[in-house]
Amino acid sequence: MNRAPLKRSRILHMALNGASDPSGEAEADSGEKPFLLRALQIALVVSLYWVTSISMVFLNKYLLDSPSLRLDAPIFVTFYQCLVTTLLCKGLSALATCCPGAVDFPTLRLDLRVARSVLPLSVVFIGMITFNNLCLKYVGVAFYNVGRSLTTVFNVLLSYLLLKQTTSFYALLTCGIIIGGFWLGVDQEGAEGTLSWVGTVFGVLASLCVSLNAIYTKKVLPAVDGSVWRLTFYNNANACALFLPLLLLLGEHRALLDFAQRDSAHFWGMMTLGGLFGFAIGYVTGLQIKFTSPLTHNVSGTAKACAQTVLAVLYFEETKSFLWWTSNMMVLCGSSAYTWVRGREMKSQEDPSPREGDKSTVGV
């Protein structure tokens, strides 16, 4: 019996649902380094992930919706960040070629055949980063996490529609908590007079694209020899080419010509810093998974979202109701519970001999 299709389907399902692969958890250095040193390394890596991710969100909010900038060109901001990432990848590749021992980075050259192979993923990638930024433009940073909270729900839905794989009752229950938190958050934003339906719709579309991105990433990785950095390079290079006609079609080139601060070094410095953060988040995400595990990374991301929400409320001096905070806690707890449930299910599937008395999972 050929098990290869089953194995590929299962790997794709794991990527789609954000569950950890028990065999892939960090274990190489656990027996070699002292506990204190490992704990310090993990704390530093997690802190780096939090600082990079939160800083990127606040900086993007400034670039997209700052009263002091008054720049109405979200597609251009996204295009420029993709351009910075592309140039950084190419620069690091050149540096690795010149100084092989100093920098560990794959050799990159633009192959049009590979670029065409990556194109379907690039379209989804463009949707993901564009809808993320558009959501952030129209909603506050405090509501940003709730507005994009349906990624897990779309993961489950696409698992069934595309992979024909059922989801356990407990996993569906956690999705119900997330949906409840999302709708309560929308209701409370409306009650406070701060709801943007446009931003909320963009958040839902961003969640859908994040789920689709997981599917197409697994499909496209073989075209770039399994290299995440090559995929990053081709994704952003394709995005730059596809964004140019969008800029002209939406008339953002006119907004840039009329922009009062287009010659400001501060503005271009902030734009470049945003691109650097966009590049860095991919690196620190991989670093956090390497030093912990995919499951721990998901838990860390949930805790980071909580800290980001609190910081946003404090920074923008907002006052939120008890039910508004309840909606955030429902989303965060539901996401954490889903990660925990999926992690346990994946580990139980690895166990060839189930314990006596265990009941079969209810499939829906």
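## Asn236 and its surroundings

In this predicted model, a polar atom of the Asn236 side chain lies 2.7 Å from the backbone oxygen of Thr232. Asn236 belongs to helix α9; helices here are DSSP runs of H or I with at least four residues, numbered from the N terminus. Because its relative accessibility is 5%, Asn236 counts as buried, the term for under 20% relative accessible area with a 1.4 Å probe and protein chains only.

Beyond its neighbours within four places in sequence, Asn236 is in contact (heavy atoms within 4.5 Å) with Cys82, Thr85, Thr86 and Phe125. The C-alpha atoms of Asn236 and Ser122 are 7.6 Å apart, although 114 residues separate them along the chain.

## Helix α9

Just after α9, Gly251 has a positive phi of about 75 degrees.

The buried residues of α9 include Leu231, Phe233, Tyr234 and Phe243. Among the elements covering the buried residues of α9 are α3, α4, α8 and α10.

## Basis of the values

Residues are numbered from 1 along each chain as its sequence is written, and side-chain values use heavy atoms, without hydrogens or water. Local features need pLDDT of at least 70 and side-chain atom pairs pLDDT 80 or more, whereas totals for chains, interfaces and linings use all residues.

Technical notes. Buried < 20%, exposed > 50% of the residue type's maximum accessible area, 1.4 Å probe, protein only. Helix = DSSP H or I, 4+ residues; strand = E, 2+ residues; numbered from the N terminus. Polar contact = N/O pair within 3.5 Å; in protein donor to acceptor, adjacent residues only side chain to side chain.
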